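Good morning, everyone. Please look at the next slide with me.

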Amino acid sequence: MIIDAKTIIITLVIVLGAGIYGLKFIRQFALQIAQENHDAVVAMDQQEEQQRLKKERAADAAAAAFAKVEPILKVASIDEPTSKSPTAEESA
């Protein structure tokens, strides 16, 4: 095999073409992974949002139910007894 300028240039062109093709392939593969990752994150966010809304609706329903029951629960204030019971100091 004779090594001259022609074979070096042809080799460089082949290596450059293979390098460009390889970089395009890697770029396409990385883009595909990023898109799948983005889709998965969006799906997880939607699921978390649905769970949050479900919990919020449950809390609102519980608050509404408590609001209906609240008037029934009246707090009776305890007045001080008018007559004091004799203590040990007073009876002595």
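**Surface and salt bridges**

Start at L23: this residue is exposed, with a relative accessible area of 59%. The cut-offs are these: buried is under 20% relative accessible area, exposed is over 50%, and partly exposed lies in between, with a 1.4 Å probe and protein chains only. L23 sits in helix α1. Helices here are DSSP runs of H or I with at least four residues, strands are E runs of at least two, and numbering goes from the N terminus.

A word on the model. It is predicted: local features need pLDDT of at least 70, side-chain atom pairs count only at pLDDT 80 or more, and totals for chains, interfaces and linings use all residues. Residues are numbered from 1 along each chain as its sequence is written, and side-chain values use heavy atoms, with hydrogens and water left out.

Back to L23. Together with Y21, F25 and I26, L23 makes a nonpolar surface patch of about 500 Å². Patch members have over 30% relative accessible area and no salt bridge; nonpolar side chains (Val, Leu, Ile, Met, Phe, Trp, Tyr) are joined within 5 Å, like charges within 9 Å. Areas come from Shrake-Rupley with a 1.4 Å probe, and for residues only the protein chains shown count as cover.

Now the whole chain. It has two helices and zero strands. Buried residues make up 0% of its 92 residues. The accessible surface is about 9200 Å², with 65% belonging to carbon and sulfur atoms.

Next, charges. How many salt bridges does the structure hold? Two. The criterion is a side-chain nitrogen of Lys or Arg within 4 Å of a carboxyl oxygen of Asp or Glu.

E49 pairs with R52, closest N and O atoms 2.6 Å apart. Both lie in helix α1, residues 5–69, three residues apart, about one turn. R52 also bridges to E56, at 2.9 Å between the closest N and O atoms. R52 and E56 are four residues apart in helix α1, so about one helical turn separates them. Shared partners join E49, R52 and E56 into one network.

Buried or exposed, or in between, for E49? E49 is partly exposed, at 37% relative accessibility. R52 is partly exposed at 40%, and E56 is partly exposed at 38%.
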